[in-house]
Amino acid sequence: DGLHERARAQAMLAAYQSVRPLSGAERNLLPAMLRAGALRFWISRLWDFYLPREASLLQPHDPTHFERVLRLRVEQPWTLS
């Protein structure tokens, strides 16, 4: 559904920050980076779906999943609490 699993995301960030805490700038940019990641995966899936390459192992996936993820990241930005 594209929604964040808040508990899982917070656990991952807590583990990361136990090794190297995020700077203030990184904390502020987290919502933008989450949108950028969703956009990158959406574009990649669109490319493979509409411009398939000859590859025996390449299976195009539905690009609408990451479109949904991106829309949710825009509408409901996730921030560290």
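The following legends describe close-up views of a predicted model.

In this predicted model, local features need pLDDT of at least 70 and side-chain atom pairs count only at pLDDT 80 or more, while totals for chains, interfaces and linings use all residues. Residues are numbered from 1 along each chain as its sequence is written, and side-chain values use heavy atoms, with hydrogens and water left out.

**View 1. Asp 48 and its salt bridge with Arg 53.** Asp 48 belongs to helix H2 (residues 24-50); helices are DSSP runs of H or I with at least four residues, numbered from the N terminus. The closest N and O atoms of Asp 48 and Arg 53 are 3.0 Å apart; a salt bridge is a side-chain nitrogen of Lys or Arg within 4 Å of a carboxyl oxygen of Asp or Glu. Asp 48 is buried at 13% relative accessible area, whereas Arg 53 is exposed at 52% (buried is under 20%, exposed over 50%, partly exposed in between, with a 1.4 Å probe and protein chains only).

**View 2. The salt bridge between Glu 5 and Arg 8.** The N to O distance in this pair is 3.6 Å. Glu 5 is partly exposed, with a relative accessible area of 49%, and Arg 8 is exposed, with 59%.

View 3. Glu 67 is partly exposed, at 22% relative accessible area.

Note on methods: Helix = DSSP H or I, 4+ residues; strand = E, 2+ residues; numbered from the N terminus.
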